[in-house]
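The sequence and the model should be kept at hand while reading.

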Amino acid sequence: RPQPAATTAVDLMSVRNVSGAEQVVSHMVLNGSGRVRAISTALTWDAAVVQPVEYAVGEMVGGLGGVAMSSAPGSVDAALLGSGSGLTGEGEVATITFHRIGPGDPAIGILSIIARDGSNQAVTVVPSGVLAADVTVPSVTSFAMPSPNPSFGRMQLAFALAKAGRVSLELFSVDGRRVRTLVDGTRDAGEYHITWDGRDDTGHPISAGVYYARLNTQQGIFKRTLVRLR
């Protein structure tokens, strides 16, 4: 019988050279404490190298009669049906398969993770290998400077929440047009690191220029300026 973990952790493993080197399969592996009954994951990737083509439920979820679905390319939602305990121990919750369209590193990574328990309450998910003792609650809510900034490629946006609550992280052009929503939902207190791939909500690369990131929390609104280079 799988043993519950002290906290819920997620890792992403990419297996290359599948089906004649034409596919890259990313396996999402969860080490669960038993609270999570549904998890939504969105990935990032280099669109010049690979494109997402399909997804599938993993053995951990499928073995419990769960299902998987996708609301957008490169994302997958896995959930257990009915009532009962959540995902316990270590196992694969879902896979996303990419088709290789060019040479180079596919640069597949996790953009965002949202996990829910049986009461539809948010469950904090940490990177694999982080012990529960290492997860501390920040004393203040803050929004760090983006890095690197300016940037030709991906950019890291980090924020800390002193209290749990509703959070949104959105990017806007200088004329006030919203170009990307990176976070929108309830989050536990803790530190969060989000990767922006330089694309808008439709998946298209944005043009070079100045953009604004706005973090809206129950403790206040924070803004940062981003510079996108070509």
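**Overall make-up**

The structure is a predicted model. One helix and 17 strands are found in the protein chain. The chain has 230 residues, and 43% of them count as buried. Its accessible surface comes to about 11,600 Å², and carbon and sulfur atoms account for 52% of that area. When contacts between residues at least 6 apart in sequence are considered, 65% of them join residues at least 24 apart.

**Nonpolar cores**

The largest nonpolar core holds 24 residues, and the members that touch the most other members are Ile39, Trp45, Leu87, Val93 and Phe98. At least two residues of this core come from each of β2 (23-33), β3 (38-44), α1 (59-62), β6 (75-79) and β7 (88-100). The strand that gives the most is β7, with four residues. Another core, of 21 residues, lies apart from this one; Phe159, Val179, Leu215 and Leu226 are among its members.

The surroundings of Phe98 can be listed from its contacts. Leaving aside neighbours within four places in sequence, Phe98 is in contact with residues including Glu22, Gln23, Val24 and Ser26, and also with Leu43, Trp45, Val50, Gln51, Pro52, Val53 and Ile108.

Strand β7 also contains Thr95. Thr95 has a relative accessible area of 11%, and therefore counts as buried, the limit being under 20%. With neighbours within four places in sequence left aside, the contacts of Thr95 are Val25, Ser26, His27, Glu54, Tyr55 and Ala56.

Leu111 belongs to strand β8 (residues 109-116). At 8% relative accessibility, Leu111 is likewise buried. Residues up to four places away in sequence not being counted, Leu111 touches Ala42, Leu43 and Thr44, together with Arg180, Leu182, Ile194 and Thr195. Its C-alpha atom is separated by 9.4 Å from that of Ser75, a residue 36 places away along the chain.

**Strand pairings**

Three strands make up an open sheet in the order β11-β12-β15, with antiparallel pairing. At its edges are β11 (142-143) and β15, each of which pairs on one side only. Two bridges join β11 and β12 in the antiparallel sense, and Ser142 has Ala160 in β12 as its bridge partner.

Elsewhere, strand β16 (residues 209-217) pairs with strand β17 (residues 220-228) in the antiparallel sense over nine bridges. These two strands form a hairpin, with two residues between them. In this pairing, Val210 stands opposite Val227 in β17.

**Aromatic rings**

How many aromatic pairs does a search of the whole structure find? The search gives two. Phe159 lies in strand β12 (residues 155-161) and Tyr192 in strand β15 (residues 190-196), so the pair links distant parts of the chain, 33 residues apart.

The charged end of Arg228 sits over the ring of Trp196, at 5.9 Å from the ring centre.

Most residues other than glycine have a negative phi, and most peptide bonds are trans. The table lists positions that depart from these patterns.

| Position | Feature | Angle |
|---|---|---|
| Ser147 to Pro148 | cis peptide bond | omega about -10° |
| Asn149 to Pro150 | cis peptide bond | omega near 10° |
| Asn120 | positive phi, not a glycine | phi about 65° |

Pro148 is placed in the loop between β11 and β12, and Pro150 lies in the loop between β11 and β12 as well. Asn120 is found in the loop between β8 and β9 (122-123). Is Asn120 buried or exposed? Its relative accessible area is 53%, so Asn120 is exposed, the limit being over 50%.

Notes. Residues numbered from 1 in each chain as written. Predicted model: local features only at pLDDT ≥ 70, side-chain atom pairs only at ≥ 80, totals over all residues. Heavy atoms only, no water. Phe/Tyr/Trp six-rings, centres within 6.5 Å; stacked < 30°, edge-to-face > 60°. Lys NZ or Arg CZ within 6 Å of the ring centre and 35° of its normal. Core = buried A, V, L, I, M, F, W, Y, C linked by side-chain atoms within 4.5 Å. Buried < 20%, exposed > 50% of the residue type's maximum accessible area, 1.4 Å probe, protein only. Contact = heavy atoms within 4.5 Å. Pairing = 2+ DSSP bridges. Areas by Shrake-Rupley, 256 points an atom, 1.4 Å probe, with all protein chains shown as cover.
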